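The following briefing is intended for a reader new to this structure. Please view the sequence and the model together while reading.

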Amino acid sequence: MNIIETKNLTKKFEKMTAVDNLNLEIKEGEIFGLLGPNGAGKTTTLLMLVTLKPPTSGTATINGFDIVKQPDKVRKSIGIVFQDPSSDEILTGYENLKLHGWLYDMPDTLREERIKEVLNLVDLTDRKDDRVKKYSGGMRRRLELARGLMHHPKVLFLDEPTLGLDPQSREHIWKYIENLAKEKNMTIIITTHYMDEADKLCDRLAIIDHGKIVVLGSPKELKKDLGGDIIRLKAESLDLDVLKKLSYVKNITQCDGEVCLTLEDANMHLQEILKVVGKIDSVEIRSPTLDDVFLHYTGRAIREDSPEGSWADKAMNASTRE
Amino acid sequence: MSELKGIYALWYRETKVFLRERSRVISSIINPLLWLLIIGGGLGAAVSFGDIPYQTFIYPGVLIQTALFSSVFFGVYIVWDKKIDFMKEVLVAPMRRTSVFVGKIFGGATDTLLQILILFVIGFAFIAIGILPGLHLTVVSILVSLAFLLVTTVGLVSIGLIIGSQMESPEGFQLIISFLIFPMFFLSGSLFPINNLPKWLAPFIYVNPVTYAVDGLRCVLLGSVFSKFNPFIDFGVVCLFAVIMILIGTYAFKKMKL
């Protein structure tokens, strides 16, 4: 059964189309990734699915409910961890969770039970009575993850769950997300512009660019579809025509003055390639990553930076509330 | 039932945050004291109002001023909530936007009324040391005053929330608010009697809903000789003001963009 289906979901702003006729089918229990550069339309898609932004046209169903016609029922079926900090830092971790329980109309005993359960899950039981102000970025993120889970949603949305976090905290969060999917059979939708994150976590992912799906599949399939290994050559001038004549080279792309060749069994052919291209500065052989998949389908490298400022920056700014 | 719980949740949050941010509590009391002691004392040395000193005369006005500034300014917190994603977290919960608005009103009104209560305590202390002669602070007068202040505050908090819900930056909010708050304060007759106003000034004062709150409080706390209108009319006007603001606010919250 498909827990989420979008039908020609579209969002237009004055001059640009942020999401363009998106059709997606997401199965129950899978971790699904929306991967793309900043401004690709991931967050807009997410905000439409969680009923915070109305679509310009098209619609979607979540857990069988229409996001346009039955927003209340959709809201009861979902949990979400937003991109920016969304907990009150003057309240304690426990109080933030209690607030959430009230907002979702949970009975008192169930609420307290669940608070215990989720605090335990994200290892924050010891710190539950500290104000969120005193939490680190990673702890705050974990608290928000715990909160998103508290009412046992059918679908959990995570918008850039590790943006701006240090590598250790990211690993931590990934571990929790993987456990959740396994233990609770929860459907999890992640938006991210980190390729490694998508690769590690997602069962399937859609690469989105300019509001459209560029390609969809499991990370493994997507990488396999590129066809074998990648040889990256750096040189002052390269004769591409010679390379194009080699029958086993499946694809040639250029980026930043480097040339990437896709081929099977790179080790076997390397000798010959080096012979024909002439003088080069450096060479590198590796298996393909999702970066290469993105590059292959869009002709661009995904930007790793975040023009809006990182999550941690916003958390810092938000603390100057006076 | 579920809506009530949600309203309670929002009220709980605003009140907790207010009580924990001591700077907010303290500054909210210092300000009115400065008006009362310095403006009241300084001007009071030069002008007299028959039976009561000027300081006593402006006490109701200072109560209203506190309510005005603290209530309208409360709207800035919604701008902050929008700046981080706290507002989204609330709006994505299965509760109506009207309830979100109501919860915020209760939160803001509680903040303001707590400050007012402290000013009443200070009023008692001042009476005891002879600073505010002629001020009638009794259980009844305080309760009636609180009724006036509650209704006025609800209307004023709504104004702050309406503006806050449409603004994106706290700086922009502050700018708009100062254009609104100061005229509302100066044109309310908080600092002067409104009996013999110049012709050009009177209409501005009569269209200001805050005028009626001040007038009503003067009647209750100083005596009917110090007020211009019938207190029931005063109360009717502030109630009407609050209802209109709630209606506009409900609409503004439904239209609020994130």
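In E2 of chain A, A:Leu24 is the bridge partner of A:Thr6. Seven bridges join strand E1 (residues 2-12) of chain A to E2(A), and the two run antiparallel. This is a predicted model, in which local features need pLDDT of at least 70 and side-chain atom pairs count only at pLDDT 80 or more, while totals for chains, interfaces and linings use all residues. Residues are numbered from 1 along each chain as its sequence is written, and chains are lettered from A and ligands numbered from 1 in the order in which they are written.

**The sheet of chain A**

- Four strands of chain A form an open antiparallel sheet in the order E2-E1-E4-E5; two strands pair if DSSP finds at least two bridges between them.
- Strand E2 (17-27) and strand E5 (65-66) of chain A are the edge strands, each pairing on one side only.
- Helices (H or I, at least four residues) and strands (E, at least two) are DSSP runs, numbered from the N terminus.
- Helix H1 (residues 42-49) of chain A lies across E1, E2 and strand E4 (57-62) of chain A, and runs at about 65° to E2(A).
- Axes are lines fitted to C-alpha atoms, for helices over the stretch in contact, and angles run from 0 to 180 degrees between N-to-C directions.

**Where the chains meet**

- In chain A, 24 residues are in contact with 26 residues of chain B; contact means that the C-beta atoms, placed from the backbone, lie within 7 Å.
- On the side of chain A that touches chain B, helix H2 (71-77), helix H3 (93-103) and helix H12 (311-318) of chain A each supply at least two residues.
- H3(A) gives the largest share of that side, four residues.
- The residues of that side comprise twelve nonpolar, two polar and ten charged.
- Ala, Val, Leu, Ile, Met, Phe, Trp, Tyr, Cys and Pro count as nonpolar, Asp, Glu, Lys and Arg as charged, and the others, Gly among them, as polar.

**A helix pair in chain B**

- The axes of helix H3 (residues 54-73) and helix H8 (residues 170-186) of chain B come within 10 Å and cross at roughly 165°.
- H3(B) is therefore roughly antiparallel to H8(B), a label for angles over 145 degrees, with under 35 counting as roughly parallel, 65 to 115 as roughly perpendicular and the rest as oblique.
- Among the residues making the contact are B:Phe69 of H3(B) and B:Ile181 of H8(B).
- By class, this contact of H3(B) with H8(B) has nine nonpolar residues, one polar and no charged.

**Confidence**

- The complex has an ipTM of 0.88 and a pTM of 0.85 from the predictor.
- Chain B has a mean pLDDT of 92, with 100% of its residues at 70 or more; pLDDT is the predictor's confidence in each residue, from 0 to 100.

Conventions
Contact = placed C-beta atoms within 7 Å.
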